[in-house]
Amino acid sequence: MLNLLKVALAFATAVLIVGTGTVAGLFWHFSHGLPDHKQLADYQPAITSRLYAADGRLLAEYAREKRVYVPVAAMPKRVLEAFVAAEDQRFFSHPGIDVIGVLRAMVANVANPGKRPEGASGLTQQVAKNFLLSNQATLSRKIREAILAFRIEETYSKERILELYLNEIYLGSGNYGVAQAALNYFDRSLGELSLSEIAYLAALPKAPNRYNIVRNEKEAYARRDYVLNRMAEDGYITSAEAQAAKAEKLQYRRRSNTETAAADFFAEEVRRNLLAAYGEKGLYDSGLTVSTTLDPSMQAVADTALRDGLITYDRRHGWRGAYAKIPDMNLWEEEFARIAQRRPLLGPSSWQLAVVSKVEAQSVQIVGLPGDGEGTVPFAEMTWARPTLKDQNVGAPPRGPRDVVAVGDVIVVEKVEKPAGQNAKPYPPRTYALRQVPNVEGGVVIMDTQTGRVLAMSGGWAYGRSQFNRAVQAARQPGSAFKPFVYLAAMDSGFSPASIVLDAPFVYDPGYGQPLWTPKNYGGDMLGPTTVRRGLELSRNLMTVRMAQQVGMKKVVEVAKEFGVTDSMGAYLPMALGAGETTLLRMTMAYAMLANGALEITPSLVDRVQDRDGRTIYRHEPRTCRGCGEATGSKPVPPELIDGRKPFHDPASVYQVVSMMQGVTVRGTAGRLAALGRPIAGKTGTTNDAHDNWFLGSTPDITVGIYIGFDEPRTLGSQETGGGNAVPIYEAIAKEVFKGKPPTPFRVPPGLRMVKFTYEGGTIDEVFKPGTEPGSEGYQASPLDGSAPYSAIDPTAGPQQAGGARRPGLSGTGETY
């Protein structure tokens with residue numbers, strides 16, 4: 001018997017040694033190459049980056065995983081208890097693996113071979129799996145998971161492990177972490193959740209989709225009740241509390257709409273800039289807080305003004321036909337539903353799709369409208385619909401509704417109450433007007449003149465139709481909008497606004513066998529000897545190229561580069577008329593620097609970027625603040641912004657151009673803006689064959705740039721100009737932006753001489769550099785193109801011809817190419 005006992009003991013010892021060796025071997029084998037669990041000390045979960053408008057409204061969110069990170073110390077105790085009770089009963093006592101739980105799961109799986117195997121991963125093991133390993137369901141992964149769980153428990157406190165778990169766990173519907181789930185399931189913070197809601201969240205990790213309260217209510221309640229029972233069994237809550245929580249009906253509440261700002265083109269441009277600066281991980285994982293420059297009220301004004309301007313232009317060029325057609329009216333409802341779903345309407349919210357059901361002599365009956373479903377379009381609301389012809393020409397006006405639509409046409413309509421006109425009689429109820437989604441595009445940029453902050457940006461008719469941003473991505477010729485930089489080069493070279501330049505035929509031989517270049521003024525007229533000021537006000541091409549030839553295109557190119565109009569530009573004479581390409585954002589920046597006296601700015605859509613910890617990692621502010629953040633004494637001094645920038649160009653020459661540009665908006669191609677009653681330095685622009693229309697206008701505070709054209713360049717129409725299309729958009733913006741604000745004059749640099757002149761039926765203060773004003777030797781300029789010297793202009797007389805002959809003041813307007 002003793003020998004048998006010795007043999008048994010020896011066998012047991014051998015088994016123990018072999019088993020221990022085997023376990024040690026397995027441990028060594030699976031420990032090899034494990035990820036470093038110490039990296040969890042620097043865990044930074046992927047959280048949402050948010051963009052905010054200047055008034056604090058949410059603009060956009062960017063994330064791969066929707067998550068709000070909350071430290072465990074800030075989490076309610078019951079949240080921790082609920083997840084521990086549901087997922088790992090002995091979490092606070094086991095060393096990383098719940099051995100009892102593992103054995104129980106093994107017994108249950110053996111006893112129920114047909115059922116889905118039970119898992120036995122505790123919270124620590126789930127942390128190891130979620131952070132350091134894959135989801136591959138293999139024995140190898142489970143062993144590695146167990147080893148890491150032991151290491152994690154040795155390194156971190158139970159609270160830290162819970163913090164990692166509760167912020168990382170996926171809880172369905174795109175929600176990561178308990179805080180995000182609380183917001184999106186119940187529209188509450190963690191501290192506002194009821195016991196029933198906490199138990200429901202703790203029920204989700206096992207199978208988030210299966211226990212979704214919206215799709216599987218019965219199973220969701222069953223799982224919630226299970227969690228409540230577990231909490232009661234473990235002593236976290238009383239039986240009475242559990243019963244009360246079970247009786248509570250869960251109210252799924254979609255997260256309430258945070259007050260947001262609408263600026264899709266602006267937000268996308270910010271996203272592109274952030275992506276370039278911080279990369280995908282920085283933008284989508286790092287939880288950046290981005291304070292943008294967006295002024296939502298200005299953005300709304302810009303969007304509306306651009307949209308109205310595009311509609312006005314589009315209506316003027318006729319009707320392109322129905323939105324869609326339904327061949328069989330017996331099946332119109334089904335077909336109309338498919339059309340509406342397949343081709344969503346892109347326009348103002350008041351625009352709707354409808355189907356023409358009957359065409360009468362003076363009206364059209366329509367169906368398919370929301371609510372009552374039927375309506376009438378009187379012929380008076382479709383008389384604009386002349387057929388569109390080649391090159392944006394239009395055909396004869398329609399004589400009746402049959403010339404415009406037919407039964408089965410799907411059209412765009414808008415409800416109207418009365419015809420245009422103050423004394424018009426109201427329409428009957430359910431009266432609609434014919435509308436058309438424009439095919440022309442455009443862009444608007446509103447910029448702070450002094451800092452370059454982009455306050456608003458509209459990149460086209462609708463972001464849903466095209467994400468192409470015409471404000472920053474469309475490279476187009478600026479046409480006459482480029483001329484101020486030619487005139488600036490001329491001011492640098494000794495010209496003054498009162499200098500006389502010949503507005504007469506011009507022929508340029510480019511050489512190398514190329515044909516002669518013979519530019520023309522818009523309209524083909526010529527004014528003869530004309531002041532430089534009047535030349536810019538009326539945008540005279542022939543005067544511009546004469547000046548560019550005399551001062552030299554190299555100097556013009558230098559000025560254009562200095563103001564950021566372009567990075568590369570050929571020194572060819574046609575470039576003086578805006579033949580090079582640039583963008584609306586660049587042109588707006590260049591005009592802003594003219595208006596601020598040549599102080600350098602960088603267009604910025606972002607004021608500040610903060611990381612997840614609130615540290616500022618980027619700030620756009622060219623000025624410094626004296627007294628900001630300093631301790632105040634008995635007599636506190638208000639903080640003061642100090643602008644240390646120096647002009648990069650001669651302020652005197654710049655102001656001379658700005659002064660002439662103010663004349664453009666009073667007596668020139670943008671003369672309709674004179675009614676606004678404030679100093680505006682602006683310039684219109686129209687390119688060859690009227691492919692593009694521009695207007696850029698500046699006050700000392702705000703610079704607005706506007707562009708209109710087709711995405712695939714073609715003519716806008718032979719009579720379409722920047723003055724006719726872009727200026728009204730600026731006017732609409734200015735009326736809203738400047739409402740209630742007093743006019744602000746442009747700052748005059750010291751040393752300039754202001755001389756009163758009788759000019760175009762009024763009196764102006766003409767601007768001269770010292771030594772060039774009337775009566776000085778510098779007032780007589782050198783000959784241009786062999787003509788007579790510029791004449792001194794009698795301050796009491798109107799503009800004169802060279803040689804002293806009196807010439808009548810000019811009148812009228814003339815946009816140029």
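Before the first stop, here's a word you'll need: buried means under 20% relative accessible area, exposed means over 50%, and partly exposed lies in between (1.4 Å probe, protein chains only). You're looking at a predicted model, where local features need pLDDT of at least 70, side-chain atom pairs count only at pLDDT 80 or more, and totals for chains, interfaces and linings use all residues. Residues are numbered from 1 along each chain as its sequence is written, and side-chain values use heavy atoms, with hydrogens and water left out.

**Stop 1: helix α8**

Select residues 195-203, which make up helix α8. Helices here are DSSP runs of H or I with at least four residues, strands are runs of E with at least two, and both are numbered from the N terminus. Nine of the nine residues in α8 are buried: Leu195, Ser196, Glu197, Ile198, Ala199, Tyr200, Leu201, Ala202 and Ala203. What do they pack against? Show α2 (77-87), α7 (178-186), α9 (217-233) and α10 (239-247), and you have the partners of those buried residues.

**Stop 2: Arg271**

Next, click on Arg271 in helix α11 (residues 264-284). Is Arg271 buried or exposed? Its relative accessibility is 17%, so Arg271 counts as buried. Leaving out residues up to four places away in sequence, Arg271 touches Tyr62, Leu283 and Tyr284; contact means heavy atoms within 4.5 Å.

**Stop 3: the five-stranded sheet**

Now bring up an open sheet with the strand order β13-β12-β22-β21-β20 and antiparallel pairing. Two strands pair if DSSP finds at least two bridges between them. At the edges are β13 (454-458) and β20 (681-686), each pairing on one side only. On average, neighbouring strands in this sheet are turned by 5 degrees against each other, direction ignored. Axes are lines fitted to C-alpha atoms, for helices over the stretch in contact, and angles run from 0 to 180 degrees between N-to-C directions.

Six bridges tie β20 to antiparallel β21 (residues 692-698), and Gly685 stands opposite Trp694 in β21.

Then hop over to β13, where five of the five residues are buried. Strand β12 (residues 441-448) runs antiparallel to β13, with four bridges between them. Pick Ile446 and you'll find its bridge partner, Ala456, in β13. The two strands form a hairpin with five residues between them, and Gly452 in that turn has a positive phi of about 85 degrees.

**Stop 4**

Which residues is Tyr730 in contact with, leaving aside neighbours within four places in sequence? Among them are Leu673, Phe695, Val704 and Phe738.

**Last stop: zoom out**

Show the whole protein chain, with its 20 helices and 24 strands. Of its 817 residues, 50% count as buried.
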